[in-house]
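The following briefing is intended for a reader who is new to this structure. Please examine the sequence and the model together while reading.

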Amino acid sequence: MCGSHEDLDAHHIMPKSRYPHWKYNVDNGITLCNQCHEKADKGLFALSFLLGITS
Ligand SMILES: [Zn+2]
């Protein structure tokens with residue numbers, strides 16, 4: 001998303017605690033760098049945007 005290919009980390013779009021049935025859905029996982037992952041966890045990215053980059 002920011003173009004970084006360092007410190008890549010998997011992010012679950014839907015929080016596993018709130019959406020347990022999403023846990024094994026591959027569409028729920030995206031790869032972000034650490035910085036973007038932190039922003040995503042804080043809700044700084046719109047959900048529609050996160051879902052958009054998986055497709
Ligand atoms: Zn990034």
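Gly3 counts as exposed because 6 C-beta neighbours lie inside 10 Å; a residue is exposed if 12 or fewer other C-beta atoms lie within 10 Å of its own, buried if 20 or more do, and partly exposed in between, with C-beta atoms placed from the backbone. The model is a predicted one, in which local features need pLDDT of at least 70 and side-chain atom pairs count only at pLDDT 80 or more, while totals for chains, interfaces and linings use all residues. Residues are numbered from 1 along each chain as its sequence is written.

**Individual residues**

- Gly3 is found in the segment before strand E1, which covers residues 8-12.
- The C-alpha atoms of Gly3 and Asn28 are separated by 20 Å, and these residues are 25 residues apart along the chain.
- Asp7 also lies in the segment before E1, and its phi is near 55 degrees, a positive value in a residue other than glycine.
- Asp7 counts as exposed, because 11 C-beta neighbours lie inside 10 Å.
- Asp41 is found in helix H1 and counts as partly exposed, because 13 C-beta neighbours lie inside 10 Å.
- Although Asp41 and His11 are 30 residues apart along the chain, their C-alpha atoms are separated by 8.2 Å.

**Secondary structure and overall form**

- The chain has two helices and two strands, where helices (H or I, at least four residues) and strands (E, at least two) are DSSP runs numbered from the N terminus.
- Read from the N terminus, the order of the elements is β-β-α-α.
- The radius of gyration of the chain is 11 Å, close to the 10 Å that the globule rule gives for 55 residues, so the chain is as compact as a globular protein of that length.
- That radius is taken over C-alpha atoms, and the globule rule is 2.2 Å times the number of residues to the power 0.38.
- The C-alpha trace spans about 30 × 20 × 20 Å along its principal axes.

**Burial and contacts**

- Of the 55 residues, 9% count as buried.
- Among contacts between residues at least 6 apart in sequence, 51% join residues at least 24 apart; a contact requires C-beta atoms, placed from the backbone, to lie within 7 Å.

**Confidence**

- The chain averages a pLDDT of 82, and 95% of the residues score at least 70; pLDDT is the predictor's confidence in each residue, from 0 to 100.

Conventions: Two residues are in contact if their C-beta atoms, placed from the backbone, lie within 7 Å.
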